[in-house]
Amino acid sequence: MERNSIKQLLMSSNYFILNKQLVKALGIETAFLLSALVEADDQLADEEGWFYQTSKTIEDITGLSNYKQSLGIERLIELGVLEQVNKGIPMKRYFKISYEEIQKLLLKKFEDCNSKNFKTSLKKTLKNKELNINNLDNEL
């Protein structure tokens with residue numbers, strides 16, 4: 001194999017990148033699906049942000065079965081991250097991504113995570129202070 005062939009194979013454009021916070025918020029398969037839809041949005045969306053992807057195309061890109069796609073799409077619609085409209089003959093699934101809702105989802109997850117970390121940290125600090133006070137009492 002040539003050096004350039006290997007280089008092309010290893011370049012970042014040949015990989016999917018998943019946001020860790022998005023994976024925590026959505027689960028890995030739904031986050032993966034959303035990443036594939038974001039890529040399609042970037043390449044195919046019209047002026048209003050609508051684009052279409054067939055189930056077969058998504059499966060070829062992601063390896064996700066039609067069933068897994070349906071579950072992920074349903075979840076994204078419930079969260080307001082994705083809109084879907086079926087139209088045309090033959091019928092096609094058109095999608096529109098709400099980047100504002102993704103931002104809200106990520107910010108909420110980030111705030112929840114920081115709040116939990118803060119509470120855990122506060123509990124540890126208070127517990128350590130109690131231990132220190134108890135040790136001080138014992139020493140006196």
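The briefing below begins with the overall picture and then takes up single topics.

This is a predicted model, in which local features need pLDDT of at least 70 and side-chain atom pairs count only at pLDDT 80 or more, whereas totals for chains, interfaces and linings use all residues. Residues are numbered from 1 along each chain as its sequence is written, and side-chain values use heavy atoms, with hydrogens and water left out. The secondary structure comes to six helices and three strands, taken as DSSP runs numbered from the N terminus (helices are H or I with at least four residues, strands are E with at least two).

**Overall fold and confidence**

- From the N terminus on, the order of the elements is α-α-α-β-α-α-β-β-α.
- The mean pLDDT of the chain is 82, and 71% of the residues score at least 70, where pLDDT is the predictor's confidence in each residue on a scale from 0 to 100.
- Confidence is highest in α5, with a mean of 97, and lowest in α6, with a mean of 64.
- Of the 140 residues in the chain, 24% are buried (buried means under 20% relative accessible area, exposed over 50%, and partly exposed in between, with a 1.4 Å probe and protein chains only).
- Among contacts (heavy atoms within 4.5 Å) with a separation of 6 or more, 52% join residues 24 or more positions apart.

**Strands and the hairpin**

- Strand β2 (residues 82–87) pairs with β3 in the antiparallel sense over six bridges, and V85 has Y94 as its bridge partner in β3; strands count as paired if DSSP finds at least two bridges between them.
- Strand β1 (residues 51–52) also pairs with β3 (residues 92–97) in the antiparallel sense, over two bridges.
- β2 and β3 form a hairpin with four residues between them, and G88 in the turn has a positive phi of about 90°.
- P90 lies in the loop between β2 and β3, and the peptide bond from I89 to P90 is cis, with omega near -5°.

**Nonpolar core**

- The largest nonpolar core has 20 residues, and those with the most contacts inside it include L22, L26, L33 and L34; such a core is a set of buried Ala, Val, Leu, Ile, Met, Phe, Trp, Tyr and Cys residues joined through side-chain atoms within 4.5 Å.
- Two or more residues of this core come from each of α2 (20–26), α3 (28–44), α5 (66–78), β3 and α6 (99–139), and α3 gives the most, with six residues.
- Leaving aside residues up to four places away in sequence, L26 touches A31, L34, R75, L76, L79 and L105.

**Aromatic pairs**

- The whole structure holds three aromatic pairs, counted when ring centres of Phe, Tyr or Trp (its six-membered ring) lie within 6.5 Å, with planes under 30 degrees apart taken as stacked, over 60 as edge-to-face and the rest as tilted.
- The rings of F16 and F32 have centres 4.7 Å apart and planes at 85°, so this pair is edge-to-face.
- F16 is partly exposed at a relative accessible area of 38%, whereas F32 counts as buried at 16%.
- The rings of F51 and F95 have centres 6.0 Å apart and planes at 45°, so this pair is tilted.
- F51 in strand β1 and F95 in strand β3 are 44 residues apart, and F95 is also the bridge partner of F51.
- F51 is buried, with a relative accessible area of 1%, and F95 counts as buried at 0%.
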